[in-house]
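Have the model open while you read.

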Amino acid sequence: MGKPTGFLEYERQDGKVIPPQERIQNFREFHKMLSEKVQRDQGARCMECGVPFCQAGAMLGGMASGCPLHNLVPEMNDLVYRGSWEQAYVRLSATHSLPEFTSRVCPALCEAACTCGVHSDPVSTKENERQVIEYAFRHGLVESDPPKVRTGKTVAIVGSGPAGLAAALRLNRRGHLVTVYERSDRPGGLLRYGIPNMKLEKQVIDRRIRLMEQAGIRFVCGTDVGRDITGQELLTQYDRVLLAGGASQPRDLDVPGRDAKGIWFAVNFLGQVTKSLLDSEFENVPYELAKDKKVLVIGGGDTGNDCVGTVIRLGASAVTQLEMMPEPPAARLESNPWPEWPRVKKTDYGQEEAAAVFGQDPRVYQTTVTEFKKDRKGRVRAAVLVSLEAQKDEATGRLKMVPVPDSEREVPVDLVLIAAGFLGSERYLTDTFGVKLTPRTNVDTPAGSYATSVDRVFAAGDIRRGQSLVVWAIAEGEAAAHAIDESLMGYSNLAV
């Protein structure tokens, strides 16, 4: 431990965030980094406690506590404090394939489980991680690193999101020939078309893809496995196949008027905005999608927040975000002790921007939609909302949200974005391989295994575990790569 009293001497300091009224003028990242000197002080705050929950990745209270990748957090933070940036990168990359992504979009499970956070602010591990990986890229430490020897074994990966990319990196380094299939026009999966540019600039993805291609990984874009090519064709061409297509089947609303024009699934909308920006090199901002429109976002999660931030940049005249569940508490309850994930109210960048532009938080809790109403041209013109209250289900003992009698009211809307989560895998993809599914339509694998019910076919990421975080997808991709390598070679020296 480099600075035993660091957590007493230094206050937490985060990088500058561009003010809402300024940052909504473009789609650029708005979280800036500290100087290397100041970041070193932040590394000094790490207590190197005897039991580092920050790297546990354990399930407590039904949610993850600490990093699922089991990053060696205290060791990395100590190296940051010492200014040993190259060694910090070596330590980080021992467990983490893609830190440039999590250091931007991860909710920082490591920080929520930080011992320093029990009585003070947690260590800024997420920003420390970003400083390390960006230093590594600036100084040429992140290399393409093609394998010196090829095994002659071939692997096809379906999906180029975080799980697919992490698996491809590991398997290629082992010497296997890896081909990644992506149905979109560019690689990255939801990293590219599900996360807005201001949260993750796409040049960050392109930078990594270029290195992967230089290392010998082949990307085949614009090819939809299950439609353009069958599962049997892939199994004929490759020794192993990894399904990493995500949980991309969006949850819909079965209410009258759902067929009205102007109602989008959130990820489709976000993808359309990003594609317009990328295709025009940011010259064409698709204002026509939301300008001067009253927008209703259904869903209170990260994707819903991304929708709020996006439509504000597109000139929406009003934004309302619905959340079915009750408003979370401002601080931990006794029933939610550290180091469990804190079930507290979080105000993200989109909500901050809505408050700055419209004067109030856009979220309305314990509310859902019962009907959409159309104008004469078939476009959505209004939504009928109903308030909800929590009641205990006598059969299961769980709380359920039920409508409050006589609480319906009609609100005008011009654009609706459904961000209610995902149900599971795309059936045409799983059907083409004939893999067994769980009742939630995720690909079924034995506990602790990534092998599916079909010989030589593996699964990882959201398609296997259901909708989750980028960090979980990366962890699954790395673990699946180990399983595939072991099945090919009889053993594996890849880290898990």
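Asp-145 counts as partly exposed, at 42% relative accessibility (partly exposed sits between buried, under 20% relative accessible area, and exposed, over 50%, with a 1.4 Å probe and protein chains only). You'll find Asp-145 in the loop between α8 and β3; helices here are DSSP runs of H or I with at least four residues, strands are runs of E with at least two, and both are numbered from the N terminus. Asp-145 isn't a glycine, yet its phi is positive, about 55°. Most residues other than glycine have a negative phi, and most peptide bonds are trans.

Before going on, a note on provenance: this is a predicted model, where local features need pLDDT of at least 70 and side-chain atom pairs count only at pLDDT 80 or more, while totals for chains, interfaces and linings use all residues. Numbering runs from 1 along each chain as its sequence is written, and side-chain values use heavy atoms, with hydrogens and water left out.

Arg-456 is another non-glycine with a positive phi, about 75°. Its place is the loop between α16 (427–433) and β18 (457–459), and at 25% relative accessibility Arg-456 is partly exposed. For a cis peptide bond, look at Trp-338 and Pro-339, where omega is about 10°. Pro-339 belongs to the loop between β10 (318–323) and α15 (349–358).

## An enclosed helix

Helix α4 (residues 73–82) has 7 of its 10 residues buried, so it is largely enclosed by the rest of the structure. The buried ones are Val-73, Pro-74, Met-76, Asn-77, Asp-78, Leu-79 and Val-80. They pack against α3 (36–44), α5 (85–93) and α8 (125–138), where contact means heavy atoms within 4.5 Å. Just after α4 comes Gly-83, with a positive phi of about 75°.

## The α13/α14 pair

How do the axes of α13 and α14 cross? Helix α13 (residues 266–279) and helix α14 (residues 302–313) have axes that come within 10 Å and cross at roughly 40°, which makes α13 oblique to α14. Axes are lines fitted to C-alpha atoms, for helices over the stretch in contact, with angles from 0 to 180 degrees between N-to-C directions; under 35 degrees is roughly parallel, over 145 roughly antiparallel, 65 to 115 roughly perpendicular, and the rest oblique.

On the α13 side, Ala-266, Val-267, Phe-269, Leu-270 and Val-273 meet Thr-303, Asp-306, Cys-307, Thr-310 and Val-311 of α14. These contact residues divide into 7 nonpolar, 2 polar and 1 charged (Ala, Val, Leu, Ile, Met, Phe, Trp, Tyr, Cys and Pro are nonpolar, Asp, Glu, Lys and Arg charged, the others, Gly among them, polar).

## Nonpolar cores

The largest nonpolar core has 46 residues, and those touching the most other members include Phe-101, Leu-191 and Leu-242. A core here is a set of buried Ala, Val, Leu, Ile, Met, Phe, Trp, Tyr and Cys residues joined through side-chain atoms within 4.5 Å. Which helix supplies the largest share of this core? That's α18, with 12 residues.

Beyond its neighbours within four places in sequence, Leu-242 is in contact with residues including Ile-157, Phe-458 and Ile-484. Another core, of 27 residues, lies apart from this one, with Val-273 and Ala-419 among its members.
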